[in-house]
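Welcome! Here is a short tour for anyone meeting this structure for the very first time.

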Amino acid sequence: MSTTNQPPISASLLALAEPPVRQMDGAAMDYFLIEMVAILRESAAVATARSKKMEQEMVEAGLIPPPPPVPSSLKRESSARDSVTSLNSKSGSTSGKGVVDEEEEPVRQRLESIGMHVGANFSERLCRDRPMFADTLDVVKFICKDIWAAFWDKQVDNLRTNHRGVYVLHDNAFKPITRLSSWESRAEAVKRARLVIIPQSITLS
């Protein structure tokens with residue numbers, strides 16, 4: 001009776017069958033998000049400058065009319081220690097929204113787009129084996145339990161509603177902002193708070 005000798009398994013095949021465990025620092029994602037916002041801000045500034053240059057060339061060529069001048073009442077000067085409230089009061093806004101910063105608006109749009117894209121794809125995977133949601137409360141519960149646990153390793157601490165379609169989610173230790181601070185100035189801390197746009201967009205998507 002003859003036996004067939006099987007060839008030995010190579011080390012590369014063993015590595016594919018049982019890949020080595022790779023670990024990553026828990027704070028690496030926080031550093032990545034901070035750098036991502038800085039890169040998006042620089043990229044948005046380049047895109048805005050390019051758009052303004054093209055617009056100016058079209059105005060000089062007579063293809064489009066020149067843009068109207070900005071009213072002096074909407075112009076504001078900010079210092080390094082200005083807060084969001086003081087900026088709104090300087091701009092003369094009583095609604096609390098103030099004038100949208102021309103430089104920060106493209107960054108906000110890009111962060112919002114990233115959050116919407118990530119949240120939509122992740123929610124689609126989590127909902128693959130789930131039945132259809134019956135009402136809005138089921139959607140909110142899904143966000144509080146599944147979405148929060150998948151993204152931030154914990155569930156929402158408290159959920160409140162006025163039974164009129166308004167839901168308030170409480171997270172006493174929200175990970176995206178637990179280590180958010182700045183020793184430079186209050187304005188710099190406000191800029192870093194743009195990271196909250198991503199989890200906000202994830203929840204909306």
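## An exposed leucine

Leu 16 counts as exposed because its relative accessibility is 68%; exposed means over 50% relative accessible area, buried under 20%, and partly exposed in between, with a 1.4 Å probe and protein chains only. Leu 16 sits in helix H1, residues 11–17. Helices here are DSSP runs of H or I with at least four residues, strands are E runs of at least two, and both are numbered from the N terminus.

## About the model

This is a predicted model, where local features need pLDDT of at least 70, side-chain atom pairs count only at pLDDT 80 or more, and totals for chains, interfaces and linings use all residues. Residues are numbered from 1 along each chain as its sequence is written, and side-chain values use heavy atoms, leaving out hydrogens and water.

## A buried aspartate

Now let's visit Asp 171, in the loop between strand E2 (167–170) and helix H6 (175–178). Asp 171 counts as buried because its relative accessibility is 17%.

Beyond its neighbours within four places in sequence, Asp 171 is in contact (heavy atoms within 4.5 Å) with Trp 148, Lys 154 and Asp 157.

## The largest nonpolar core

The largest nonpolar core has 11 residues, including Met 36, Leu 111, Phe 142 and Ile 202. Such a core is a set of buried Ala, Val, Leu, Ile, Met, Phe, Trp, Tyr and Cys residues joined through side-chain atoms within 4.5 Å. Helices H2 (28–60), H4 (104–126), H5 (136–152) and H8 (197–204) each give two or more residues to this core, and H2 brings the largest share, 4 residues.
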